[in-house]
Protein chains: 2
Amino acid sequence: MTDPDIDGGRLWSDLMTLGAIGGTAAGGCFRPALSETDAAARALFRLWAEEAGMIVTTDAIGNIFARRTGSEDLPPVMIGSHLDTQMPGGRFDGVLGVVAGLVVVRALNAAGITTRHPIEVVNWTNEEGARFQPGVMGSAVFAGLLPLEEALSRTDRDGTRLSDELARNGIAGPVPAAPRPVHRYLELHIEQGPLLEAEATDIGLVTHSTFMCSGFVDIHGANAHAQIEAMGQRRNALLAAARLILAIEEVGAAVDPAGRVSATVIENWPNNRVNIPHLTKLTYMAVHDTAEGLADINARIRAAADAIAEATRTRIDIAPSHLRQATVFPADLRKRAADVAGGRGLTVREMMTLTAHDALSLAHLCPSALIFVPCRDGISHAEGEWCEPHWAANGARLLLGLALDQADRITEVNI
Amino acid sequence: MTDPDIDGGRLWSDLMTLGAIGGTAAGGCFRPALSETDAAARALFRLWAEEAGMIVTTDAIGNIFARRTGSEDLPPVMIGSHLDTQMPGGRFDGVLGVVAGLVVVRALNAAGITTRHPIEVVNWTNEEGARFQPGVMGSAVFAGLLPLEEALSRTDRDGTRLSDELARNGIAGPVPAAPRPVHRYLELHIEQGPLLEAEATDIGLVTHSTFMCSGFVDIHGANAHAQIEAMGQRRNALLAAARLILAIEEVGAAVDPAGRVSATVIENWPNNRVNIPHLTKLTYMAVHDTAEGLADINARIRAAADAIAEATRTRIDIAPSHLRQATVFPADLRKRAADVAGGRGLTVREMMTLTAHDALSLAHLCPSALIFVPCRDGISHAEGEWCEPHWAANGARLLLGLALDQADRITEVNI
């Protein structure tokens, strides 16, 4: 039996090709979920999957499954991530995990290998949550964590409904978006942090995710004429928001590095230059290594908001989002990944993930592995995001070995 | 000859009727320019004008002119203001000046009076600038101060083009939106300040307007992952904006009451909760009694922005808008207004206007008068805006007398 290897040149070429679809002058990518460019990237993925002999289906939320048949009709080993980007984002976040799946399948094809379990390469819809919130959407619907109807009813900043965009761009398919048996889920992703590069470690094996939550803040002031009302009389919701943004940043500085928090989203009414704003909405994003630490962040922000509301004569309501519990990845699958990596001369370390990934959804359905490779300076969600070609190839090599290990039970049981 | 008087009951009824079109639960009005409710208010204005025997025409920007024929084909005495409101605003700002014009015409009709000059009651399009900016739009186009094409190309927050809304709601008419000879322009408006009510003075005669300008601020930071980037590494455009909002408010407090300034508009990119914002735009609105004072406000804000940019490692660009010079209203027309008011037992005072009005546009075309009546607690651009019925009637009474004085030259030259 030929010992298969991945085609690193093709992996890089696919990454650069997809990066050109929505590519920005600064070397990033602007490809929000369900946009024209997302539709183009999806078409390319389907083309490449069919060229590799795979059967492509799409479900009601637009998740695309490219299936390589196994020798038995068993639940598949899924390899996936997402093709949508931030607005703008980079060329690697998400894309790497999808094209690496195709590279793995091509390697199996070239080596003439059949696996017992089918292998499915998956593109999950709207992981980024940049245009439609929440993110990690397609995988959450698939895993039964988010009702399909709730996802379909979301609107973007311009009021466009997600279901309309799915229909307009011909993205939704006939397969129900619902849980089905999955044997394993494997996701390769850039670290989005500086540790692997700093240590010159090839591979990060994720043990668990951080605790995270958002806070949705409504600040109620009083509309008034900005050219007339005396400064001391103004009950300016935007001014209260500015004070709270600073207070939130101070909380973040106080808990760093165990946690982080910033206000990141703002909307303002009537947002007309001659009017003192009467309503300003803020959203903050908080993470912490512990549930207690996250609760402490929320409590500090609530206390700051109370003081600001009194000082500015505004009302400040805060609704913290459902706390996203830490997800723990199974140790035995991680151990198999470490063994495979070791067998291929790759250095590994265990680490936590500070960000959400589709693997956090799939971990509710089946044993899952989240595999990190380095990215330059830990930068992501930015046009300067970068992953060296050999970093990406190392990750794909581990993915191939682990997929063979998990899907090819034939050799293991020596039939 | 019958001595005409206005019908105060009808004036109030018309104000309340229009206030119901877009009326809010809190007693305000939400009737942005070129909305469905604006179209309904316009239809009502045309109906009432035609009932009063007037000829109604509309120009290319949607300004509506209701003409009562004079005995000679001379330039008209115009009486006008606007029917659009803030989002939400009150029931008097603008509306009073339009319905008072209709009440004046009805009074002339009832008394059987013919004037030498025609009288035109005008509804100017988009005075508020709440939905489409800039405000004072229709009158500025009519006065040749704003190119029609520039106005037509403006878009609202949802990207809807002004020209499309003009067409969709059947608001634009065939008359060119361009300057033509106007004999006099008379505008009645609530004060939007507390002076008249506090002094129990019936009428404010406006001498001049304040100096005003806006500043358009672009703050450039760096996009990054909000769950990952260390707090100290963040180049958060929204954080810099928050600091600048506070600094601008301090400048306002320092120059009050000669001037005022607040940041009132904010937009933020990518405005997605998992991202550190890389671009935040602010707009501030500044007024001052003197040009030097306004320049000082801009200079103080620029200095604050420089310090904030350095502290937050962002770039802050500020483009102050064209400074709106003070407009001076002619003393002789004001003197005539004071005489007419005195003859009707109304107390008057001279005052400046702190806000923009269509009369500032028309003052470039012809001798114009801007007449204020009290409003409760100086509140405007708010649902609690209120003008007592007898305050409104006093203003309409002066408007009638002044229109007769300026349009009815027949009695003056004793033909």
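**A strand and its partners**

Reply: A:Met78 stands opposite A:Glu120 in E4(A), where strands are DSSP runs of E of at least two residues and helices are runs of H or I of at least four, numbered from the N terminus. This is a predicted model, in which local features need pLDDT of at least 70, side-chain atom pairs count only at pLDDT 80 or more, and totals for chains, interfaces and linings use all residues. Residues are numbered from 1 along each chain as its sequence is written, and chains are lettered from A and ligands numbered from 1 in the order in which they are written.

Me: Which strands join E4(A), and in which sense, parallel or antiparallel?

Reply: Strands pair if DSSP finds at least two bridges between them. Strand E3 (residues 77-81) of chain A pairs with E4(A) in the parallel sense over five bridges, and the chain crosses between them through helix H3 (residues 95-111) of chain A in a right-handed β-α-β crossover (clockwise from the first strand over the helix to the second, with the strands pointing away from the viewer). Strand E2 (residues 64-68) of chain A runs antiparallel to E4(A), joined by five bridges, with A:Ile64 opposite A:Asn123.

Me: Which way do the residues of E4(A) point?

Reply: In a regular strand the side chains alternate between the two faces of the sheet. Here A:Ile119, A:Val121 and A:Asn123 point one way and A:Glu120 and A:Val122 the other, all of them buried (20 or more other C-beta atoms, placed from the backbone, within 10 Å of their own).

Me: How many residues does each chain give to the contact?

Reply: Chain A gives 58 residues and chain B 57, counting residues whose C-beta atoms, placed from the backbone, lie within 7 Å.

Notes: Contact = placed C-beta atoms within 7 Å. Buried ≥ 20, exposed ≤ 12 C-beta atoms within 10 Å, placed from the backbone.
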